[in-house]
Each structure stands twice: as C-alpha cells, then as structure tokens.
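Me: I have a structure open here and would like to talk it through. Could you go over it with me, a few residues at a time?

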Amino acid sequence: NYVDVSLPQRIRICRLLYELVASQSLDLGLFCACCSVLTRLLRETQLTIEDLSLDWRKMYDLIHSLAFPKPWQDNLIQNRTKLKNVVELVCSVNRFFPPAAAREVLEELLPQIQFNSMDWQLLVVQMINLFVPTTRAPKGFKLKDKDMPERWLPTIFSLWSFNLRMSGYDAYFMNLVTCLAMEQKGAFKFTNQQIRFAFASGLHFFNIPVTRGSASLPRSVTTSLTDTSHFYQLPQGGSLPLSEERAHTFARFVVYTMYDEEAGGTLELFEQLVQMIEPFYHPSNNGSWSGILSRFLRNLAKELLERVRSEAEPDCEVPESMRLTRRMRRRFVVSTRTLAMLLLFSKGEDSVTMSHSTLKHLAEVEPDLIFGPLLDTLYTAIDSVTETHRMISAMRALAKLASTLSNFSLYPEGAQHVAPLLALTLPGIDVNDPTKAWFALTFICNLCLNGVVLRELSTSGDMPMVPGKDSDAVSELEEDNVVDIVPNPDMEYVEWVTRASTGQFESWIDQYLRRVFVLVDNMSSSIDSSDSNASSFTSSDFGLQMMVAHATEVVLLQCSERYYPMITRLITDFATSISSLSAVDGMCRIVYAFASALPEQALPALVPICCERVSEEVSNGVGSQASLSKRTQSHSETTLIWYMSILSALADCQCGQLLVTYKDMIRSTIELVLDKCLSRHIYTIASNTLYNMIGCLTRVYPERGRSVSAETWADPEFQENHFRYWGQYAEVEQDDFKIKWHVAGKEEIDCALEIMRGIISPLI
C-alpha cells in the first residue's frame, strides 16, 4: 500500500511466493503468511494469464501431500491449517493456470475415481473443481482441438450423471460449469441438453417437495426433503474445506447461459422453472426452502444487472450475436418480477429484504416493467391502516428503490411520483412506531441524497393530454405483449406533471418539520448516554435520533432558498417554546443539522436568543449550587441546560468565518457561565462549547454538501429544470467535480488563539 511496485516486479514477487509455498519447506507461520500475501496480491493486482502463468501440478502435489500425509508426517492440526490456506490460494491462482492444462488435470484425476467409495469420489470431484482452469485463452494463443472445452466438457457431464440427487456432488460440478460459462462468455456455448441437465441438478438445491413426474425437466426430485447443509463427507486421511453458495452458483449459470430465444434454451427452461417453483414463493407457503429460494431470486437479478452492464462497456469482447437482446432481458425480468412481487409481503424478514434487492436490481435493467405494477401495490399498502405489516414492507421497499425511482435519466416517469410519495410517507414519522419512522426517514433521506431538489417549478400552458392506455400497458401484470412493448414515455406530459407536483414541496417541508418536532419532543432520551444506569436511554432511540438529524440536514441542504425564512421561523419557535431535559439530545441534533446546512440563517436566529437566555438564567443564580452529579439536576437548571446545549450545537456549525462574527457574544456568555456556575453538567456543556468553537474555526472540512456544486446550484437552467439532474453524479475524475473546503484563515486563527489565551489558559 505504501510502495509503488511496477508490474514486472509484482510478477516476480508472485512467482517467488508461489515457489516458496510449493516448496513444502516452510514452517506453519511463514507458510500461512506467504499464502495470505500471495492471495491478496493476486486479487488486488490487475494481472491476467497473459502476464503470469503458473504450474498447476505444484499446488496439486502440495494439496495431495497435506490431505493424505505419510504416517511419519501426520500432524493433523498443522495439515488442516495449511490445507485451508492452500485451498484459498488455489481459488485465486486457478485463473493463472494455462487453459490447456484442463486436459492434464482430468487425465491425472479421473483414474483416481472409485465408484465404490463415495467419500473418495467426492474428494476427487473437489480436486477437479479446484484445478480445472476455466479462463479464456489469451489473445493470439490458439488452443489445440483436444484442449478446447467442447472436447472435455462432455466427460464432466458424464461423470456428473453417475450420482443422482447428491447435493454436494451437484454443487461442485455446478460451480465448475458456472465458472466456465462466466469466463468463456462469447467464446463457448453449452448445448441445450447440458443446460437442461444443469437445470435439473439446480432444482435439487432448493429442497422443495416437487412430486415425481410434475417437472418438465429431465430429472424430478423426490418428495422427501433432504438436508443439504453439510453436503460432503471427507475421508479420515485429511480434509478439503471447500463450499459454495449453491443459490448464487446456479443463478450465475442461468444468467450466463442465455444466448438466444431458441426453443429448449436457457430462457425457456427458466420460464418453466419459474412456473414450477412459483407456489413456493407465496407468503403462506413458508418452509425450509424459503431462504435459498429468496437468495436465488436476488442473485438472479444481481447477475443479470452485472451482465447487462458488462455488455454495455465499449471494450466488451462478447460478440453481438451472443449478447442479451432487449426482448430477452424483458422476458427474464417479467418472469423474475412475478416471484419478487410474491415475496414482497412474505412472513420472513430475510425474504422481504431479498425481494427489495431483487426489485431494485431489476428496476435498473427495465424500470418500466417494475415500477408500473410495484407502485400500484405500494400506494395501496402505504394507504392501508389495518395491515401494518404491509405498510412497513412498502416503506422498506420505497427506501430501497428511492434512488432508482428518482433517477430521471433511467426512469423519467418516476419524477412525477416523488412529491406524492413524500406526502404519503409523511405519516410514517410516528413516535409510536420507530420501525416505520426509520424507513420513512430513510426513504426521504435517500431521495435527497440522490439529487432531488425541493424547489417549486412553474408550469406553462394547460396540462397536456393524458397518454392512452397503450403506453401504460407495461404496468399491467397480465398483458401478453408486455415484452414486445418498447417504453416511449410522453416527455411533455411527464415534465408538466413533475413541475406541477413540485408545488407540494413548501407545505411538505412545513409538515415534515412539525412531525420531526413532535418526534423529538416525545422521544425518550438520556442526559448522559454513557451512563449504563440510564434506563430511559435505548439504542433504538439513539439510532432514530441520528436518522432524524441526518434526514433533516439533507432536506435542508436540498431545499430552495425561498423556504429559508419559513424553516428558520419553525425551528426557532420550537427551540424557544419548550425546554425539556428528555428532548435535549434530539433538539441539539436538529439544531446542529440546521446550523450545518444553513449557517447563515441558524446563527443570527438562535445565537442572540441563547446568549440572552443563558445570561438571564445565570444572573438569577441558576447553577450556582455546587454539584458533581449529572443525573440529579434541579428542575431550575432545565432552561439553562436547554439553551447551553443549543449554543454548543451552534458553535459546531460548518462555517468558521460566520462564527467569528458572534465570537464576542459567545465568549462573554461562556466566561459568565464558567465564572458563576458550579454545577458539573453546566460547566461541562460550556467547555464543550469552547471545544466545538475552536474546532469549527480551525478544522479542515467540506462546506455545503449539496448534490451538485455551488456553481451548478446557482445556474438558472438548473433551478428551472432541476428534476432533469436527479440521479446524476459528477465523477471524481471530471472537471466539474468540485468540493469547497474550509481552511482556516488568519481571522479565524486569531479568534481561536484569543479564546485559548483569554479563557482556557487562565483557567488551566
């Protein structure tokens, strides 16, 4: 990490470490260190087989000697530790084995298979999975005909077919053919018969009770459920700790073997598979299969998105004839969407989470196919009063998909739903239901972080004609021609409705802040959160307070300057209308968010009030009674603690230049408190105020963390059409990526030194 090593030097280091590990002459500690360094170096370095080619037999001999040591070499603990490290190393080194070595590996291992010993047979299969190289031959290198994957792959499937319904056996072979499909994409195709066989084996992973004869695939599964959590047994002579996530492996195979829409291909088999397993995704049909089915679904969507992105790259090597077409993607998304919508209101927490991830990945591939039916479901669920679990699940889904929904370049129609959904989720900020409040705030926060600007836009002319039903056909689940429809939204209508919906932002901000104030006022808090005896403080309350403050800060950062007076009035009125010890922490976080986002409004509005009220309380003798406790404050100190805490939060605002303007006012107040007050809690807050003030004046920190730069924010074109910029981010390498940093100037440094010399040094 700290030394710039050239590529030739890295290659020499890798070769040296590889030879050291294969030498079998290192002690345990050095052996493990070399394995760890080499594994990390190969993973982090952009090396290819063109740069580095390694001999597979050296690692094979090493693993064989560790798994089956001689009687005089038997050291079970050391062998198992070494074996674990070597297996992890071979998983990283495999891509550097020459592609022509596949035939050599099979010639070495196939004669060792003993069909009368399942343990031994499975061990050989694991070795095949480890050592058979699946990487694509480098450019300019031509494989011999006998070394091509098409020549030795039938042998793999023939060996695979010897043991039916043995999950461990299936898992290792599935991993091998999946790696081959991923690495050889564009250069190699599986036959339909091989794909059907792999589908039949993958179906066995799910542990679902499918009756014999009901499957259209070659091999059906017995009705008895098989425990496959420990799917391999090892011989006594050694161990080979290798396991693969079966759902992820099968999902990858499905995605990367989709070449075309021919009959009997992967896409048709996948649609048949969906019809077969669809009943097991129903919320009422929960069982041992639910976990792996939900993970399988999530991995399908994730791998589809990764393949679509990789094929969109300009340097993609996959031929056009073998890439996913628009129609293939839409067929796949429609089939997967059916299962994800069933899981949306499942009983299992993990299944619901997986459905949200699935919908998010699918929405990035074909948003019109997902958001049409999904928004209809979510609007109904959020508006439901009697079915709380459906409402919370809908809130979670919105929070997960907020960034995709508000991405105007990806899904323009989503912009018109932002304001209505904000208004609909506002009642979710409820102190009586922290879970619902958390996801409502997460949804609001994710929208603002994705670039949504809370600024009202003007509309010109009358509302355009509403598009006909044909353009909305994609939102109907039962439409037969949904795959063939090319989304073509009426941009004039979309933009007009989006502009009109922004008129709700002003009233929404008002209602949002009022709900936040109610939440803060009623939320339990602890005066000293570090005190283990503070029973009123809970971790859920603390997390919700932090989320409220964070969401409030991003909302204030993204709102229009037109709303600043209203925001200032609301926060100032709330801060001066109550003084409650139980709401001190929450109020301080809200004030800090206000001061960080809008320091020009926060400091003039609150600093004079706080200093005046603190001086008034101290002059009346509040805090003059000596006390070292922070849990037994007198009720007479409540107002003083309240305003001192707010002043401490204001002193931590991210605008040191503006804070200099109020240095005299804050300094005189702090000096008065430190001179007159003997209560530990009060002078601790005063000391924290000094600490925050000096840090604000002297630290280096970014200012105004809006979604766009200050120049773009002030651009009239952006202000009039900000919704077109939603979901866009400037890359770090781009010229328009600018961050304004606060660097202490002379005036700020002088102010900090004045505080140090005038207050802190005399007290010390």
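Me: Which helix does Met 395 lie in?
Reply: Met 395 lies in helix α16, which covers residues 388–405; helices here are DSSP runs of H or I with at least four residues, strands are runs of E with at least two, and both are numbered from the N terminus. Please keep in mind that this is a predicted model, where local features need pLDDT of at least 70 and side-chain atom pairs count only at pLDDT 80 or more, while totals for chains, interfaces and linings use all residues. Residues are numbered from 1 along each chain as its sequence is written, and side-chain values use heavy atoms, with hydrogens and water left out.

Me: Is Met 395 buried or exposed?
Reply: Met 395 is buried, with a relative accessible area of 0%. Buried means under 20% relative accessible area, exposed means over 50%, and partly exposed is in between, using a 1.4 Å probe and protein chains only.

Me: And what does Met 395 touch?
Reply: Not counting residues up to four places away in sequence, Met 395 touches Ile 382, Thr 425, Gly 428, Lys 436, Phe 439 and Ala 440, where contact means heavy atoms within 4.5 Å. As for Gly 428, its C-alpha is 8.3 Å from that of Met 395, although the two are 33 residues apart in sequence.

Me: Moving on to Asn 446, where is its place?
Reply: Asn 446 belongs to helix α18, residues 434–449, and with 24% relative accessibility it counts as partly exposed. Setting aside residues up to four places away in sequence, Asn 446 touches Ala 399 and Ala 402. A polar atom of the Asn 446 side chain lies 2.8 Å from the backbone oxygen of Ala 399.

Me: What joins the side chains of Gln 558 and Ser 707?
Reply: They are joined by a polar contact of 3.1 Å; such a contact is a pair of N or O atoms within 3.5 Å, where within protein one must be able to donate a hydrogen and the other to accept it, and residues adjacent in sequence count only if both atoms are side-chain atoms. Gln 558 is found in helix α21, residues 539–558, and counts as buried at 2% relative accessibility. Leaving aside neighbours within four places in sequence, the residues in contact with Gln 558 include Cys 448, Arg 706 and Trp 713.

Me: What lies over the face of Trp 713?
Reply: Arg 455 does, at 5.5 Å from the ring centre. A charge sits over a ring if NZ of Lys or CZ of Arg is within 6 Å of the ring centre and within 35 degrees of the ring normal. Elsewhere, the charged end of Lys 82 sits over the ring of Phe 31, 5.2 Å from its centre.

Me: How many aromatic pairs does the structure hold?
Reply: It holds 24 aromatic pairs. Rings of Phe, Tyr and Trp (its six-membered ring) pair if their centres lie within 6.5 Å, and planes under 30 degrees apart count as stacked, over 60 as edge-to-face and the rest as tilted. One of these is the edge-to-face pair of Tyr 169 and Phe 173, at 5.2 Å centre to centre with 65° between the planes. Because they are four residues apart in helix α8 (residues 167–183), Tyr 169 and Phe 173 are separated by about one helical turn, and both are buried.

Me: What about Phe 270 and Phe 332, how are they paired?
Reply: Phe 270 and Phe 332 are stacked, 4.6 Å centre to centre with 15° between the planes. Phe 270 lies in helix α11 (residues 266–277) and Phe 332 in helix α13 (residues 326–343), so the pair ties together parts that are 62 residues apart in sequence. Phe 270 counts as buried at 0% relative accessibility, and Phe 332 is buried with a relative accessible area of 0%.

Me: How many residues of α13 are buried?
Reply: In α13, 14 of the 18 residues are buried, so the helix is largely enclosed by the rest of the structure.
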